[in-house]
Amino acid sequence: MDLSNITKVFSESVIREMTRIANEHPGCINLAQGFPDFSAPESIKNAAIEAIRADINQYAITWGSVSLRNAIAEKITEYNKLKFVDPAKNITVTCGSTEAMLSSMKAIINPGDEVIIFEPFYENYGPDCLLSGATPRYIMLNPPDWKFEFDELEQLFNERTKAIIINTPNNPTGKVFNQKELKFIADLCLTYDCIAITDEIYEHILFDDHKHISIASLSDMENNSITINSISKTYSLTGWRVGWAVASEKITNELKKVHDFLTVGAPAPLQDAAAFALSLGDDYYKWLGDFYQHARDKLFNALKQTSLNPIKPDGAYYIITNCEDYMDQYCLQDSTDLAIHLVKNIGIATVPGSSFYADPKSGQYQTRFCFCKKEETLQSATQCLNKIRHK
Ligand SMILES: Cc1ncc(COP(=O)(O)O)c(C=O)c1O
């Protein structure tokens with residue numbers, strides 16, 4: 001029996017596979033998949049419990065409960081400086097930003113359309129393109145500062161370009177796109193009438209005074225942008241599966257239809273609790289930023305003592321390392337070999353760099369460590385890394 005030709009082309013997530021491998025090795029520290037190993041804020045958990053007790057147990061309005069859409073509109077107007085957002089017209093609440101991205105793409109793509117992706121990329125974007133029928137075109141972010149060539153990007157745009165995916169702060173590089181870069185991308189989107197789909201789930205995890213800018217806040221981008229976010233990273237609630245997409249009314253009308261038939265809706269009581277989370281004050285975001293700045297410094301300094309050559313991230317909660325010397329020393333062939341070696345010999349699970357590139361060779365010497373972990377976990381990781389300290 002012939003099954004789907006589309007799903008044959010991609011494999012299961014390497015990131016989530018590394019979590020399974022970590023679980024098979026007792027004592028292995030999982031710095032692979034990006035989920036916190038510490039508690040979510042007590043007040044948000046209580047809001048969810050209260051919502052269930054208050055019998056918010058049936059389907060919410062398919063595109064999101066009124067309370068959550070109001071909270072998103074308020075937050076995105078203030079923090080992200082999007083001036084056009086009407087909770088009734090521009091917001092679709094989804095099952096995480098994962099669903100927001102796929103529903104967005106399904107809502108805008110026609111056969112033959114191209115979508116530009118910066119690489120290294122978050123591994124979902126490739127399958128998202130294939131599942132929505134788009135042809136991905138790639139532009140490289142070059143280490144160590146992860147800049148891209150403006151000319152190269154301009155040359156990728158053509159009449160078939162439907163969208164460009166931006167992820168800022170970026171997974172896996174930690175790049176925070178600056179005003180000049182975003183303005184350049186926005187101008188290209190407006191010239192070619194294509195859509196910037198922007199995944200901003202790490203928007204509050206910024207280091208060394210970097211600032212987050214939403215491309216949708218730049219002039220005239222209202223009709224050419226989809227801004228995606230979720231509660232997963234900002235509130236350490238990756239398992240709750242509540243996210244959203246904010247776009248023009250025209251795009252939102254199509255997106256809502258895809259979302260309705262794909263999932264019907266995000267969990268109703270957790271939408272209520274998400275609305276509460278979005279109402280937390282500046283103190284919370286200050287705490288979050290400081291917490292992750294400390295975690296980044298701790299893991300970065302530990303990696304710096306080894307031959308793994310870490311590149312310091314400006315945002316998000318990952319560190320890419322360039323392990324060519326180390327791999328030579330142990331005759332490791334590629335980044336998968338390296339990741340398995342690190343699990344078995346060092347006791348740390350990471351994500352092979354190859355999974356972030358269209359051509360696996362581009363990431364063959366890289367591996368990604370995440371630091372969304374409590375102090376004790378990072379301390380244990382530091383002890384493991386001591387096994388490969390420079391002599
Ligand atoms: C860039 C990026 N987008 C989306 C996701 C998934 O987000 P969500 O839990 O909101 O579906 C992740 C998770 O690691 C991510 O790194």
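The model under discussion is a predicted one.

Strands of a sheet pair through backbone hydrogen bonds, in either a parallel or an antiparallel manner. Strand 2 pairs with strand 8 (residues 243–247) in the antiparallel sense, and four bridges join the two. Within this pairing, threonine 94 has glycine 243 of strand 8 as its bridge partner.

Elsewhere on the sheet, a helix is laid over two strands.

Helix 4 (residues 66–78) and helix 10 (residues 268–278) have axes that come within 8 Å and cross at roughly 25 degrees. Because angles under 35 degrees count as roughly parallel, helix 4 is described as roughly parallel to helix 10. The crossing of helix 4 past helix 10 is left-handed. Helix 4 contributes Ser67, Leu68, Ala71, Ile72 and Lys75 to the contact, while helix 10 contributes Gln271, Asp272, Ala274, Ala275 and Leu278. Classified by residue type, this contact of helix 4 with helix 10 comprises six nonpolar, two polar and two charged residues.

The chain as a whole may now be considered in terms of its domains. The protein is divided into domain 1, which covers 5–40 and 283–388, and domain 2, which covers 44–280. A distance of 25 Å separates the C-alpha centres of domain 1 and domain 2. Between them, 33 residues of domain 1 are in contact with 34 residues of domain 2.

On the side of domain 1 that touches domain 2, the elements giving two or more residues are helix 2 (14–24), helix 11 (282–304) and strand 10 (318–322). Helix 11 provides the largest share of that side, with seven residues. By class, the residues on the side of domain 1 that touches domain 2 comprise 22 nonpolar, eight polar and three charged.

Terms used: Residues are numbered from 1 along each chain as its sequence is written. This is a predicted model: local features need pLDDT of at least 70, side-chain atom pairs count only at pLDDT 80 or more; totals for chains, interfaces and linings use all residues. Axes are lines fitted to C-alpha atoms, for helices over the stretch in contact, and angles run from 0 to 180 degrees between N-to-C directions. Angles under 35 degrees count as roughly parallel, over 145 as roughly antiparallel, 65 to 115 as roughly perpendicular and the rest as oblique. A crossing is left-handed if the near helix is turned anticlockwise from the far one by less than a right angle, and right-handed if clockwise. Two residues are in contact if their C-beta atoms, placed from the backbone, lie within 7 Å. Ala, Val, Leu, Ile, Met, Phe, Trp, Tyr, Cys and Pro count as nonpolar, Asp, Glu, Lys and Arg as charged, and the others, Gly among them, as polar. Two strands pair if DSSP finds at least two bridges between them. Domain bounds come from an automatic or database domain assignment.
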